[in-house]
Amino acid sequence: MSQIRNIVILTGAGISAESGIDTFRGGGGLWEQHRVEDVATPEAFARDPNLVHRFYDMRRAAIQERLPNAAHFALAELDAQWRGDLLIVTQNVDDLHERGGASRVLHMHGEHLKAWCTSCDIRSPWRGPLVNRPPCPVCQARTLRPDVVWFGEMPYQMERIYGALRQADLFVSIGTSGAVYPAAGFVQSARDLGMQTLELNLERSQGSHWFHETRLGPASEVVPAWVAEMLGG
Ligand code: BJW
């Protein structure tokens, strides 16, 4: 670990599970009998916008009631103290990394607390519902959608992510099932680039065999323990 200077950390729903935010594929992974793959698509939104808006309105309201947990706080401490490059690439659309105090955070699947106007293409901060079709604060068109990346859409800032991976010495994946690409492929890119890879998860994921090391346990325990190791504590 003494050779490590630049770190890329990928986080998934598992890091927020102990804050009370449901994962996508645990516990049946259903919302009102719909699989996430059937709600989180542009086709689902075109077919039944009220259904999709209700799904996101409910989750947008819920995250504002939740608090960061020990894993978010530990990553924020690493972010504050780590002198090399560090990038937390999160697939999560909640804001718990930021509320935990981290600043080097990239939301590759978007953010619950933003709305994207498909008329003027501007993203605005948003906390309330969208199902009632409120006007865009910029152009007044009633064409706001959740600013999240659905299946078939391009995740955000991919060039920046791959740029960070090319410079990294260590890739760490926390609380993600490895079921969704391109994030699921980052570990293979990391291996191709010759860096160390570590997985922290409650249980082995679909991509566990790609990692040099997997540490199993709840994020609120394994993440602070790993951060303490990195900071020499
Ligand atoms: C704990 C824990 C605790 C629990 N402590 N751990 C066929 C083959 C390959 C790819 C494709 C294919 N067909 C289609 C594709 C592409 C498609 C895809 O991957 N589909 C799969 C279904 C196969 N991907 C896309 O369409 C993406 N776009 C794309 O590929 O564009 C083209 C492109 C090409 C080249 C380069 C770049 C791009 C877009 C994907 C968008 C995903 N969007 C969602 C919804 C976001 C908005 C919202 O929140 O609603 O993102 S889907 C959902 O899954 C969400 C998540 O970010 C994502 C990943 O889920 P995550 O975080 O891993 O959660 P879970 O529930 O799966 O796992 C939880 C984990 O936590 C588990 O491992 C537990 O063990 C663990 N855990 N408690 C620690 N306490």
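1. A cavity here is a set of points, on a 1 Å grid over the protein atoms alone, where a 1.4 Å probe fits but cannot get out, and its lining residues have an atom within 4 Å of a point. Grid points are joined across faces, edges and corners, and a volume is the space filled by probe spheres set on the points. By this rule there are two cavities of 30 Å³ or more.

2. On provenance, this is a predicted model, in which local features need pLDDT of at least 70 and side-chain atom pairs count only at pLDDT 80 or more, while totals for chains, interfaces and linings use all residues. Residues are numbered from 1 along each chain as its sequence is written, and side-chain values use heavy atoms, with hydrogens and water left out.

3. The largest cavity has a volume of about 100 Å³, and 15 residues line it, with S173, G178, A183, A184 and F211 lying nearest its centre. Two or more lining residues come from each of β9 (170-174) and α8 (186-192), where helices (H or I, at least four residues) and strands (E, at least two) are DSSP runs numbered from the N terminus. By class the lining holds eight nonpolar, six polar and one charged residue; Ala, Val, Leu, Ile, Met, Phe, Trp, Tyr, Cys and Pro count as nonpolar, Asp, Glu, Lys and Arg as charged, and the others, Gly among them, as polar.

4. As to cysteines, the whole structure contains zero disulfides, a disulfide being a pair of cysteine sulfur atoms within 2.5 Å. The sulfur of C120 has its closest cysteine sulfur in C117, at 3.7 Å, and therefore too far for a bond. C136 is likewise in no disulfide, the nearest cysteine sulfur being that of C120, 3.8 Å away. C120 is partly exposed, at 25% relative accessible area, whereas C136 is buried at 0%; buried means under 20%, exposed over 50% and partly exposed in between, with a 1.4 Å probe and protein chains only.

5. N201, in strand β10 (residues 196-201), is buried at 10% relative accessibility. Its side chain reaches the backbone oxygen of T176 at 3.1 Å, and a polar atom of that side chain lies 3.5 Å from the backbone nitrogen of E203. Leaving aside neighbours within four places in sequence, N201 is in contact (heavy atoms within 4.5 Å) with G175, T176, R215, L216 and G217.

Terms used: 1 Å grid on protein atoms, 1.4 Å probe; cavity = no way out; pocket = protein on both sides within 12 Å on 5 of 7 lines; lining within 4 Å. Polar contact = N/O pair within 3.5 Å; in protein donor to acceptor, adjacent residues only side chain to side chain.
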